[in-house]
Amino acid sequence: MKKLLTISVAAYHVEKYLGECLDSFTSPEFAESLEVLVINDGAGEEINAIAREYEKKYPSVFRLIDKENGGHGSTVNRGIEEASGLYFKTVDGDDRVRPEGLAELIQFLHSTEVDLVVTDYQCFDDRSGAVVEENRNEFPGKKYRQVYSFDDISHGIYINMHAAAFRTSLLRQMKRRLTEHCFYVDAEYILYPVPQIESIVFLEKPVYQYRQGMTSQSMDIRNMQKNCGHHERVLEELLAFYRECQGAVSPEKAAYVAKGIARILVSQIKIYLSFPAAKEYRERIQNLEERIKRDYPAVYDSVANTAVKLLRISRYRFYRVASAACRRAYGCRKGEKA
């Protein structure tokens, strides 16, 4: 049966948290409208056993997809392929949603054909469960539930993966699939649909709740050091996508993509800075920056990070100071390297 909203849950070694995640979708008011795909990314039978319990108890809502390991990008790709919902949202298996926010989202989807629905999201502490941060998508004059032209407001926003619910048909029109066997593909998911987005709307209540404080998370700086090559690969894929967009999308969409890639560029520089200061990493930063400035000037000019701008102004003479400050901010011990 056609559903209104598909939630794709990436489940890879999240046995400890998966029940809490799936519980957040079990309100009886969701049953007719919601499909939850629990995508086991080659993590073994314990994940399957948990998912089957929910399939058995809520057969109209939950469906297990057991697949070989392919990374987070592969779970999203598979979710898009399998989705029966008119709209699509991703949730990691160690995170959760706020049922009241999800209820508002589903209710709104009954009466809209907008391309992208954006909701605020929260971060909560892994140990205490308390909400520690709320992330809002603000811009001057924003009104909730008003449908905007994406091009008209794209200069003032950047939509995070946790905030987005896309029309599923739009995602299936993307010319690119997310990179598989690779971390850090969130930016691909949020940028690859941009050429197809014409309309966007914002809702009041936060939906997604992102778990913070786990050292196993890919965004922990030590894991980012270890997986630096993955991050570099995603940056290169996004630069290739930007080349494809040139002349094929509106200037507003091209500028939005450039702004999104600039954020990944800053993250890449921060990874290099987080290693113990060395000539190798200074040269990596300089070589990357020189190439981006030469070949992708719009991306280079879209960097808003103050620290990176100061590095540029100093012609990277402040590299060691910047590296020490970055390592201190991330809590890296002296000489420590992932």
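This is a predicted model: local features need pLDDT of at least 70, side-chain atom pairs count only at pLDDT 80 or more; totals for chains, interfaces and linings use all residues.
**View 1. Helices α9 and α11 side by side.** Helix α9 covers residues 228–245 and helix α11 covers residues 279–295; their axes come within 13 Å and cross at roughly 10 degrees. That angle is under the cut-off, so α9 and α11 are roughly parallel to each other. On the α9 side, the contact is made by Cys228, Glu232, Leu235, Glu236 and Leu239, which meet Arg284, Leu288, Arg291 and Ile292 of α11. Sorted by class, that contact has 5 nonpolar and 4 charged residues, with no polar ones.

**View 2. A four-stranded open sheet.** Here 4 strands line up in the order β5-β12-β7-β8, with mixed pairing. Strands β5 (96–97) and β8 (131–135) sit at the edges, each pairing on one side only. Zoom in on β7 (residues 121–125) and you'll find that this strand runs antiparallel to β8, paired over 4 bridges. Look for Cys123, whose bridge partner in β8 is Glu133.

View 3. A disulfide is a covalent bond between two cysteine sulfurs. Searching the whole structure turns up 0 disulfides. Take Cys245: its closest cysteine sulfur belongs to Cys182 and lies 19 Å away, too far for a bond. Cys245 is also buried, at 3% relative accessibility.

**View 4. Cys332 and Cys326.** For Cys332, the closest cysteine sulfur is the one in Cys326, at 7.1 Å. A disulfide needs the sulfurs within 2.5 Å, so this pair is too far apart for a bond. Cys332 is buried too, with a relative accessible area of 12%.

Conventions
Residues are numbered from 1 along each chain as its sequence is written. Side-chain values use heavy atoms; hydrogens and water are left out. Two strands pair if DSSP finds at least two bridges between them. Helices (H or I, at least four residues) and strands (E, at least two) are DSSP runs, numbered from the N terminus. Buried means under 20% relative accessible area, exposed over 50%, partly exposed in between (1.4 Å probe, protein chains only). Axes are lines fitted to C-alpha atoms, for helices over the stretch in contact, and angles run from 0 to 180 degrees between N-to-C directions. Angles under 35 degrees count as roughly parallel, over 145 as roughly antiparallel, 65 to 115 as roughly perpendicular and the rest as oblique. Contact means heavy atoms within 4.5 Å. Ala, Val, Leu, Ile, Met, Phe, Trp, Tyr, Cys and Pro count as nonpolar, Asp, Glu, Lys and Arg as charged, and the others, Gly among them, as polar.
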